[in-house]
Structures are given as C-alpha cells and as structure tokens.
Amino acid sequence: MLHRGREGTDGSGGGELIVPMAWLYAEYIADELLRSGDLMPPTSFEFRAGRDALALTVFLSDTDGELSGIRVVTQLETWLSLTAYDQPWQEWVEDRLADLTADADPSGRTDPDLELARAAWRWLQETELLAPDLNAVPGGGAVADEDEGPKVWTPAWQLGLPLSHLAIHLF
C-alpha cells in the first residue's frame with residue numbers, strides 16, 4: 001500500500017486535497033508504541049516529544065516509500081538501533097530530510113508528508129523542556145525525589161529520543 005502518491009482522496013490526482021498518509025501512519029505507529037509503554041501521560045509535552053521523535057524515525061527510515069502494517073514488527077530492530085544512545089540521530093534526521101527535499105517534486109508542489117515531518121523536527125529542535133539533570137549528582141548522593149533534583153532546559157528531541165527508544169524496547 002503506497003502512501004506517498006500524488007493522488008487526491010478520490011484517486012483522481014487532479015489538484016484535490018493530498019492526504020499525508022505516510023506521516024499520519026508514522027505518527028500513529030509512534031503513538032501506539034508510546035501508549036503501550038505507558039511511560040508518560042499522553043497529554044504531556046514529554047509524550048509529544050517522544051511521539052514526534054519516533055514518528056520522524058519511522059517516517060525517515062521508510063526508504064521504499066511504503067509503510068506496510070505487516071512490516072511494523074520487522075522494523076522494530078531498525079528503529080531501536082536508530083534511536084540508541086550512541087547513534088547520531090540528529091544528524092541522521094537532518095541528512096534524511098535534506099535527501100527527501102532534494103528528491104522533491106520538480107513541479108514545485110510541496111509534499112505534505114515532508115512538510116509535517118519538517119514541522120515536527122522544527123518543534124523538536126526549537127522547544128525546550130525542563131527535565132532532570134542526569135549529569136548532576138547533588139551533594140554526591142542520590143536524590144530521593146526526582147522533582148527535588150536539579151533540572152535543566154533540554155531540547156525536546158533530546159528528551160523524546162530516549163523515551164521513544166524505551167517505548168520500542170518495551171514493545
């Protein structure tokens with residue numbers, strides 16, 4: 001089932017509304033993985049950061065232009081490796097977005113899937129969330145309550161990426 005076609009919703013392709021099915025499907029997969037992990041409330045900014053980071057991973061790793069529901073389970077290992085701590089995920093996202101932009105429609109029509117992916121990436125880069133400072137150990141000991149420990153402003157993607165990795169792992 002191809003999702004990145006240039007057809008309208010009625011299949012005519014005559015300038016009607018183009019539904020960004022690839023992005024919406026990637027977002028749906030990310031949402032389901034995060035909800036099944038029950039790591040954050042779905043209404044939190046942290047959840048959105050995880051969902052957007054995972055949706056970008058799912059969308060950008062789809063090099064064949066086809067997100068098949070049956071292949072989701074077979075892609076989990078790929079997504080797990082892309083979101084791992086020691087991987088240059090940020091650079092990978094920027095490179096993939098640049099590649100997709102270079103391959104864009106020469107007629108100048110914008111790809112709605114790509115536009116939504118770019119918007120998600122902008123939000124992940126530009127939004128900062130207050131998170132526990134995992135590099136600080138106050139007084140040399142463990143903090144009893146994470147709300148009492150030191151906090152730092154962190155780009156949303158840096159918080160969402162490990163959350164999405166954990167959600168994949170828990171699935």
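In the predicted model, Trp89, Trp121 and Trp157 are joined into a cluster by ring pairs. The search of the whole structure returned 5 aromatic pairs. For tryptophan 89 and tryptophan 157, the ring centres are 5.9 Å apart and the planes meet at 25°, so this pair is stacked; the limit for stacking is under 30 degrees. The two residues come from distant parts of the chain, with tryptophan 89 in helix H4 and tryptophan 157 in helix H6, 68 residues apart. Tryptophan 89 is buried at a relative accessible area of 1%, and tryptophan 157 is buried at 13%.

The pair of tryptophan 121 and tryptophan 157 is tilted, with 50° between the planes and 6.4 Å centre to centre. Tryptophan 121 belongs to helix H5 (residues 112–126) and tryptophan 157 to helix H6, so the pair ties together parts 36 residues apart in sequence. Tryptophan 121 and tryptophan 157 are both buried. A further tryptophan, tryptophan 123, has arginine 48 over its face, at 3.9 Å from the ring centre.

Helix H3 spans residues 72–82, and its buried residues are Val72, Gln75, Leu76, Trp79, Leu80 and Leu82. Viewed down the axis of H3, these buried residues fall within an arc of 150° and therefore line one face of the helix. In general, an α-helix has 3.6 residues a turn, so residues three or four places apart point the same way. Thr74 and Glu77, on the other side of H3, are exposed.

Conventions
Residues numbered from 1 in each chain as written. Predicted model: local features only at pLDDT ≥ 70, side-chain atom pairs only at ≥ 80, totals over all residues. Heavy atoms only, no water. Buried < 20%, exposed > 50% of the residue type's maximum accessible area, 1.4 Å probe, protein only. Helix = DSSP H or I, 4+ residues; strand = E, 2+ residues; numbered from the N terminus. Arc of directions from axis to C-beta. Phe/Tyr/Trp six-rings, centres within 6.5 Å; stacked < 30°, edge-to-face > 60°. Lys NZ or Arg CZ within 6 Å of the ring centre and 35° of its normal.
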